[in-house]
Amino acid sequence: MVLPRFVRPKEGDSGSSPNLYVANCGPAVGLSFDTIASAFSSFGEVKGVHAADESGARVIVSFLEPSSAHSAFNALNGRPCTLLGGRTLHIRHSVLQPPASRVDDSVPVSLNAPDLNIPGLYLFHDFISAVDEEELLQAVDAGTWKSLSKRRVQHYGYEFCYDTRNVDAKRHLGELPSFVSFILQRVSLLQDIPEKSDLDQLTVNEYPPGVGLSPHIDTHSAFEGLIFSLSLAGPCIMEFRRYTAGSWVPKTASITDMKDENPCDCSELSRKAIYLPPRSMLLLSGEARYAWHHYIPHHKIDKVNETTIRRGSRRVSFTFRKVRRGPCQCEFPQYCDSQSQR
Ligand SMILES: O=C(O)CCC(=O)C(=O)O
Ligand SMILES: [Fe+2]
């Protein structure tokens, strides 16, 4: 299990780190790394700016000197930053964790969604047959893959932009391909699923053996409330994380997106995991979709209770979503980019 490389410093140790963890800041909110580096360089030489997680809205700013980080923290934390379009930054000191102390702690893995007790999480086993699975794999392999750093993707309906973690709702690429029509039909027949609407975006992910996906919540403003993910070819473990407020979270009404970030320690989050076998369909809705991060650990071998499962083949997933038109009005504003304050 890979834990975040940057963590909160020990009590009283914050002055010795040159790194700041800055939330409400990043490409997803229209600020490039260069712009951020340039704004922070008024406090001292900036060594680099990089993503703190996959949200696109949280970054690590690394200064050369701890004193620069300290000055930037004092000047900018919790205040509108004129150099960054008046955006209010939420900052904490952050230290690079030495590799030896990155704990390999795993979570018990459930085979069925109700065991996780996460409202809105469903898993449908054998949603398609092995023959259907083979045909779907052949169909995507005949298409054009786009290579990301560790995996390959295809987008249908609307392109998903990884920089902004959003879609351009005005650029419709066309209907979803006919080879997924039977899946959409089966989804439409599922019983007792609230807020069903026509799915119009498909992302196909191909993960080489052992490759996973960083913890994230799919951008609220990009997609509506139901996210379906069909697993093909190989299995994986999906972990769910619900972050609770850390003691560093300022208790002001303006804090809207500070709770869903990297943990300071594991006591600050709930973690649950589920085994996704090939041909199963996962559904994230409600709280599971809006408030829990989902995460595929980068493991070549998964322990599912007492059984060891080798990820010997690639895993291909088909994620079906509905592009949102208008702002998200979910009940989880602390995780919602539509409801976050500038
Ligand atoms: O591979 C999966 O099942 C999940 C993919 C995912 O979470 C995403 O594309 O946002
Ligand atoms: Fe996702």
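Modeller: In α2, the residues Ser68, Ala69, Ala72 and Leu76 are buried, where buried means under 20% relative accessible area, exposed means over 50% and partly exposed lies in between, using a 1.4 Å probe and protein chains only. They span an arc of only 100 degrees around the axis, so they sit on the same side of α2, the arc being that of the directions from the helix axis to the C-beta atoms. Helices (H or I, at least four residues) and strands (E, at least two) are DSSP runs, numbered from the N terminus.

Biologist: Before we go on, what kind of model is this, and which atoms go into the side-chain values?

Modeller: This is a predicted model, in which local features need pLDDT of at least 70 and side-chain atom pairs count only at pLDDT 80 or more, while totals for chains, interfaces and linings use all residues, and side-chain values use heavy atoms, with hydrogens and water left out. Residues are numbered from 1 along each chain as its sequence is written, chains are lettered from A, and ligands are numbered from 1 in the order in which they are written.

Biologist: Good. What covers the buried residues of α2?

Modeller: The cover includes β2 (19-23), α1 (33-40), β4 (58-63), β5 and β7 (90-96).

Biologist: And what happens just after α2?

Modeller: Glycine 78 takes a positive phi of about 75 degrees there. Glycine 78 belongs to the loop between α2 (66-76) and β5 (80-81), and with a relative accessible area of 46% it is partly exposed. Leaving out residues up to four places away in sequence, glycine 78 touches Thr88, Leu89 and His90, a contact being heavy atoms within 4.5 Å.

Biologist: Which residues other than glycine have a positive phi?

Modeller: Alanine 233 has a phi near 75 degrees, and arginine 279 has a positive phi of about 75 degrees. Most residues other than glycine have a negative phi. Alanine 233 is in the loop between β16 and β17, and arginine 279 is in the loop between β18 and β19. Alanine 233 is partly exposed at 30% relative accessible area, and arginine 279 is also partly exposed, at 23%.

Biologist: Changing topic, which residues coordinate the iron ion?

Modeller: The iron ion (ligand 2) is coordinated by His216 (NE2), Asp218 (OD) and His294 (NE2), at 2.0 to 2.1 Å. Donors are N, O and S atoms within 2.8 Å of the metal (3.2 Å for Na, K and Ca), and since water is not among the atoms, sites may look incomplete.

Biologist: How are the donor residues spaced in sequence?

Modeller: The spacing is H-x1-D-x75-H. Aspartate 218 is in the loop between β15 (213-216) and β16 (227-232), whereas histidine 294 is in strand β20 (residues 293-296), so the pair ties together parts that are 76 residues apart in sequence.

Biologist: Are aspartate 218 and histidine 294 buried or exposed?

Modeller: Both aspartate 218 and histidine 294 are buried.

Biologist: What about the hydrophobic side, which residues have the most contacts inside the largest nonpolar core?

Modeller: That core has 27 residues, and the ones with the most contacts inside it are Leu121, Phe240, Ile274 and Leu282. At least two of its residues come from each of β9 (121-124), β17 (236-243), β18 (269-276), β19 (281-284) and α5 (286-290), with β17 giving the most, 3 residues. Another core lies apart from it and has 25 residues, among them Trp145, Leu190, Leu230 and Phe320. A nonpolar core here is a set of buried Ala, Val, Leu, Ile, Met, Phe, Trp, Tyr and Cys residues joined through side-chain atoms within 4.5 Å.

Biologist: Last one, how many aromatic pairs does the structure hold?

Modeller: There are 8 aromatic pairs. Tyrosine 122 and phenylalanine 124 form a stacked one, 6.3 Å centre to centre with 0 degrees between the planes. Tyrosine 156 and phenylalanine 179 form an edge-to-face pair, 6.0 Å centre to centre with 90 degrees between the planes. Rings of Phe, Tyr and Trp (its six-membered ring) pair if their centres lie within 6.5 Å, and planes under 30 degrees apart count as stacked, over 60 as edge-to-face and the rest as tilted.
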